[in-house]
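Work through the following exercises with the sequence and the model open. Each task is followed by a solution in steps.

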Amino acid sequence: MQTTNPYHFVANCISGKWKMTLLHHIHHYGKIRFNETKKTLHVSEKVLSQQLKELVSDGLVERIQYNTIPLKVEYILTPLGEDLIPALDILYVWSIRRMAELDMEIDPDALKVHTEKKYEDQLLNIINEYTSRQKQSDD
């Protein structure tokens, strides 16, 4: 029997440029629809389709198809996907802190979507500094 490293397993489940973002979007909005998400994230149809299929295959997301015309499909988190959200939150906070330390530009959309108090409590000083820099560059 072949063994699998747990870190490699989870990395495989969430690796891919858009998987963590998709998981957070579904968590934040409760559900997502394909075309709306494609427009919001500016991701290609091929990549979005592949990433969603992999998330469904890994049991993190459920695809719900409604038999309507036109066809309506929504994606929701499964209980396994919901269980992963606290870990993604930790990775998000760590990333923002590290990016600030490295003086890296942070995608402003990343700060707009993560508005819950749990993020504000941990990142308020970084968010304020970033917002202040954005305002200065706009002037």
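**Exercise 1: strand pairing**

Strand 2 (residues 61-66) and strand 3 run antiparallel and are joined by six bridges. The model is predicted: local features need pLDDT of at least 70, side-chain atom pairs count only at pLDDT 80 or more, and totals for chains, interfaces and linings use all residues. Residues are numbered from 1 along each chain as its sequence is written, and side-chain values use heavy atoms, with hydrogens and water left out.

Solution. 
1. Strands (E, at least two residues) and helices (H or I, at least four) are DSSP runs, numbered from the N terminus; two strands pair if DSSP finds at least two bridges between them.

**Exercise 2: the nonpolar core**

Task: Determine how many residues the largest nonpolar core has, and which have the most contacts inside it.

Solution. 
1. A nonpolar core is a set of buried (under 20% relative accessible area, 1.4 Å probe, protein chains only) Ala, Val, Leu, Ile, Met, Phe, Trp, Tyr and Cys residues joined through side-chain atoms within 4.5 Å.
2. The largest such core has 21 residues, and Leu22, Leu23, Leu52, Leu60, Val61 and Tyr75 have the most contacts inside it.
3. Elements giving two or more residues to this core include helix 1 (6-14), helix 4 (45-57) and strand 3 (72-77).
4. Apart from it lies another core of nine residues, among them Val93 and Leu111.
5. Leaving aside neighbours within four places in sequence, Val61 is in contact (heavy atoms within 4.5 Å) with residues including Leu23, Ile26, Tyr75 and Leu77.

**Exercise 3: Asp83**

Task: Decide whether Asp83 is buried or exposed.

Solution. 
1. Asp83 lies in helix 5.
2. The cut-off for exposed is over 50% relative accessible area. Asp83 counts as exposed because its relative accessibility is 59%.
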